[in-house]
Amino acid sequence: MTESDVEVRREDQVKINEFGRGNAKLHEKREELENLKKLLEELEDATTELALVEDSDNIKLMLGGESFIDVSEDYANEFCEKEQERLQSEIDQVQSTIDAILARQSELKKVLYARFGSSINLEEK
């Protein structure tokens, strides 16, 4: 039997399907990570802008993307710091999920390439 004649068993199909689902989730999590990093960068920029504000009694804080409220400089700084911590925690959690998916993908690749050789392609295009 040649490499291309290898029969796909049920357990092989389960692993191939798991790899496919993992790959889809990996793309989703990478996109989520990029969005979170962008939000964190914007928040860091806002924090820098806060440091440059001369009129610290009249700071407007945007809530929910549509509403603005007047807050003190201390409150705005505290809010930004808490949001940065929350976003960084979320980024760490998403990165941990990505790492776990990549580790499992690596295990599945080893098993599937050992069984099917070059007759299966599990690489990104």
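Let's start inside helix α1, where D12, F19, G22, L26, K29, L33, L36, L40, L43 and L50 are buried, meaning under 20% relative accessible area with a 1.4 Å probe and protein chains only. These buried residues of α1 pack against β1 (59-63) and α2 (73-116), a contact being heavy atoms within 4.5 Å.

A word on the ground rules: this is a predicted model, in which local features need pLDDT of at least 70 and side-chain atom pairs count only at pLDDT 80 or more, while totals for chains, interfaces and linings use all residues. Residues are numbered from 1 along each chain as its sequence is written, and side-chain values use heavy atoms, with hydrogens and water left out.

Now step back to the whole chain. Two helices and two strands make up its secondary structure, in the order α-β-β-α from the N terminus; helices (H or I, at least four residues) and strands (E, at least two) are DSSP runs. Helix α1 covers residues 10-52 and spans 63 Å from its first C-alpha to its last, close to the 63 Å expected at 1.5 Å times one less than its number of residues.

What box do the C-alpha atoms fill along the principal axes? Roughly 80 × 20 × 20 Å. Buried residues make up 22% of the 125. Among contacts with a separation of 6 or more, 68% join residues 24 or more positions apart.

How values were computed: Buried means under 20% relative accessible area, exposed over 50%, partly exposed in between (1.4 Å probe, protein chains only).
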